[in-house]
Amino acid sequence: MRTVRLIARRLAAAVPTVLLVVLGTWILLEAAPGDAADAYLAQAGGGDAAFVADLRARFGLDLSGPDRFAIFALRLAAGDLGTSVVFSRPVAAVIAERIPITLALMVAAVTFAAVLGTLGGLLAGARPGSLGDRLLSTAALALLAIPSFWLGLLLIRWFAVQLGWLPVGGIRTIGGAGGVLDTARHLILPTLALGTGYVALYLRTLRAGMVDAWRADHVRAARARGLSERAVVWGAVARPAFLPVVVLLGQQAGTLFGGSVVVETVFAVPGMGRLAYEAVAGRDLALLIGVVLAGTVVVIAANLLVDLVMVRLDPRIGAGDA
Amino acid sequence: MVVMRSTRRGFMAGTLAGAGALALPRLARAQAERRGGTLVVAADGEPRNLNPALIASNGVFYVASKVIEPLAEMVYGGDGLAPRLATAWEGSADGRSVRLTLREGVTWHDGRPFSSADVAWTAMNAWKPLQNLGRIVFRDLEAVDTPDARTAILRFSRPVPFQLVRNALPALSAVLPRHLYEGTDPNANPANARLVGTGPFRFAEHRPGEFYRLERNPAYWEANRPFLDAIVYRVMPDRGAIAAALEANQIQLAAFSAVPLADLERIGKVPGVKVIPEGYEGITYQLTVEINHRRRELADPRVRRAIAHAIDRDFVVDTIFLGYAKASNGPIPKFDAQFHVADLPGTPFDVRRANALLDEAGFPRGANGTRFALRLLPAPWFEQTRQFGDYLRQALRAVGIDAQVVNNDSAAHTRAVYTTHEFDLAVGSPVYRNDPAISTTILFQGGLPAGVPFSNQYGYDNPAMNAVIDRAAGAVDAAGRTAAYRAFQRIAAEDVPLVNVAEFTFITVARDSVRNVANNPRWATSHWADTWLAE
């Protein structure tokens with residue numbers, strides 16, 4: 001029951017969020033100097049006055065801002081995301097093409113980061129102050145400081161150029177048999193580049209949580225009851241320390257979804273980050289709003305998932321209808 | 001293996017030695033051409049509209065020129081043009097018509113025969129009314145007669161110089177299949193995304209954000225061509241990754257200076273990789289300082305001349321372009337021997353002269369050593385346009401002008417400079433299209449409406465300049481027309497409406513295995529029918 005109520009509450013809160021996101025995106029892009037026609041002309045190399053006027057009419061830019069928003073909002077309400085001026089195709093189709101690859105990269109990076117970060121965090125947090133802890137913590141700090149684009153180029157240099165093991169970029173072997181394995185091979189380096197910083201983040205968060213937990217009363221109680229050291233670490237120290245890690249996972253979903261533009265660019269991965277960049281550069285309102293909406297849905301879904309996990313980890317959450 | 005390794009010095013020497021008859025490398029004829037193989041090249045972007053008959057731009061040509069052919073293409077030597085879809089072109093003495101003889105035995109990729117009806121339809125329905133450049137050149141095109149399937153006669157309502165039409169053929173005359181376009185809105189035709197042409201390669205596949213794939217056209221009109229089985233354009237937005245992919249032999253060629261200039265020396269030493277500076281002379285870019293004459297200070301020609309004197313062109317060429325450019329003396333690049341005037345009164349680097357001119361114009365230095373402040377908008381098109389913006393700011397400080405750099409993205413820059421005129425100085429990089437009337441006079445002509453990108457939005461309007469531009473536009477005989485454009489360059493040198501700083505072309509980086517690279521002056525935007533891959 002508690003779970004159902006939670007889901008309903010979160011979904012109700014999502015409606016105004018989505019509306020604000022749409023309006024905010026519209027206003028921000030409208031405020032940027034230059035419009036879709038300017039962006040198009042810059043790419044096409046110019047044209048005369050009639051050409052420019054014709055272009056504006058074709059893009060629907062000859063109407064006033066509020067009129068265009070009204071038309072767009074009405075269409076959106078009917079479930080139509082409109083047409084991208086950059087791609088001359090329906091926004092929904094363009095996004096549908098990019099979402100799977102972005103989600104794949106995102107899930108791979110999160111899994112990689114969560115597994116490695118959790119292992120490291122457990123090792124470090126089990127004996128705070130030990131040599132192992134200090135080594136792991138220092139290594140994590142170093143990883144956190146590496147910019148992902150630089151790490152990406154470094155990985156390309158090692159694994160693609162010098163060793164020749166992995167492709168430089170892209171998501172499939174062009175003209176090859178294709179398939180899931182082929183794409184997975186292409187995503188190894190981007191996953192490492194994207195996930196490494198998060199490994200460090202999870203490690204440090206989990207460790208910090210465990211350090212706090214060691215001082216808590218329930219840990220002393222557990223020890224007093226004569227539980228083994230292993231049982232204490234697992235049941236009393238690590239379990240509460242996982243809460244902030246899980247929260248972090250949810251928060252990072254949005255960042256990973258849109259913030260992978262740098263990694264997508266370095267590895268030529270056609271994902272949502274690059275799409276958002278292209279939408280802004282092309283002043284493509286419909287496309288940008290489509291991308292932002294997709295991102296919003298992913299973030300809301302990820303946070304809902306996090307809430308559900310939290311409910312299981314911590315019986316206090318959601319109990320008193322709070 | 002006799003691959004010519006081009007060096008920067010070799011490039012300079014070669015281009016200086018052979019201004020007219022260019023002594024350019026005929027690459028690797030020692031080995032017999034090999035059929036087969038897939039050439040993978042880097043593409044740093046995806047044009048929105050891939051139809052070269054509608055959008056004449058280098059980004060479009062890079063992919064589309066292999067699929068959809070023009071009537072003629074530029075070549076080194078001879079009279080500069082080689083036949084493609086047309087085998088002969090002849091202008092009438094009165095400038096009212098141009099007779100085109102078309103190639104026999106050409107078929108479209110869907111199997112239909114190519115004929116003069118295709119040329120006539122494309123000229124009247126794409127080049128003239130829709131194409132960004134064609135709207136200027138073919139403005140007075142009245143009709144196209146097709147007395148037989150192999151002949152198309154362009155008829156003009158006013159005399160149009162044959163010299164202009166001829167110079168326009170390589171970039172402006174891509175021919176569309178009438179049977180797919182007639183009766184549709186050409187801008188919305190699905191064939192704009194899945195091109196159908198007569199070229200050596202057929203359009204096979206485009207995966208947005210990933211690649212374009214072109215396949216060999218087995219029914220190509222030129223026997224035994226093309227050599228390659230396929231060309232794949234891999235979309236690679238990161239230039240560091242492009243260099244790495246070349247080293248790893250995951251791509252074989254990167255054109256349009258996709259590998260940064262600063263990286264060329266290093267990558268040129270990698271075994272199996274060569275740096276090729278030739279093959280772009282026909283698409284020379286010009287680095288310019290665009291000046292807003294609406295500013296009181298900049299309306300004075302002495303101030304504009306002072307700005308020109310403040311720029312050390314040799315420094316720009318050596319430091320910003322790392323030697324891969326030439327100092328410019330005026331609006332027509334040196335490569336175009338047809339029109340270029342070598343002995344224009346230049347504005348050599350001379351800070352004292354610049355200061356004297358500014359004093360004379362009545363803008364003395366204030367207490368802080370500054371005469372006046374300006375907004376400087378470097379175009380975001382190239383790394384070099386931005387870097388030159390930073391250089392210009394420093395160069396102007398030496399003559400007491402405080403230039404504040406304002407960086408914008410493409411859309412914002414286009415709007416600010418060409419529509420709202422919210423700039424004082426801008427750094428531009430127009431491409432020279434081998435005839436002043438196609439690409440260059442538009443930067444000097446007065447009275448153009450606001451909102452036309454890459455045109456005179458500078459507030460410059462000199463009746464003498466406008467008159468010489470008109471005279472050239474109406475000059476049917478080549479000699480008279482050439483004379484008018486020489487006069488045009490002299491007025492530009494006198495007025496300094498904008499400052500021509502340097503002319504630059506691009507660099508190709510390729511694996512040694514790619515042969516017949518850079519063998520015409522528009523190579524990257526030409527057919528690649530004779531390009532082949534060695535084993």
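Reply: Start with the core. A nonpolar core is a set of buried nonpolar-type residues joined through C-beta atoms within 7 Å. This is a predicted model.

Me: What makes B:Val41 stand out in the largest nonpolar core?
Reply: B:Val41 is among the residues with the most contacts inside that core, along with B:Ile231, B:Ile242, B:Ala254 and B:Leu392. The core has 247 residues. Helix α8 (residues 180-214) of chain A gives the most to this core, with 13 residues.

Me: Which residues are in contact with B:Val41, leaving aside its neighbours within four places in sequence?
Reply: The partners are B:Ile231, B:Tyr233, B:Ile251, B:Gln252, B:Leu253, B:Ala254 and B:Ala255. Contact here requires C-beta atoms within 7 Å.

Me: What pairs with β16(B)?
Reply: Strand β15 (residues 372-378) of chain B does, in the parallel sense, over 5 bridges. Pairing needs at least two bridges, so β15(B) and β16(B) count as paired. B:Arg375 stands opposite B:Gln404 in β16(B).

Me: How many residues does each chain bring to the contact?
Reply: Chain B brings 41 residues and chain A 43. On the side of chain B that touches chain A, α13(B) gives the most, with 6 residues. That side has 20 nonpolar, 12 polar and 9 charged residues.

Key
Residues are numbered from 1 along each chain as its sequence is written. Chains are lettered from A and ligands numbered from 1 in the order in which they are written. This is a predicted model: local features need pLDDT of at least 70, side-chain atom pairs count only at pLDDT 80 or more; totals for chains, interfaces and linings use all residues. Two residues are in contact if their C-beta atoms, placed from the backbone, lie within 7 Å. Helices (H or I, at least four residues) and strands (E, at least two) are DSSP runs, numbered from the N terminus. Ala, Val, Leu, Ile, Met, Phe, Trp, Tyr, Cys and Pro count as nonpolar, Asp, Glu, Lys and Arg as charged, and the others, Gly among them, as polar. A residue is buried if 20 or more other C-beta atoms lie within 10 Å of its own, exposed if 12 or fewer, and partly exposed in between; C-beta atoms are placed from the backbone.
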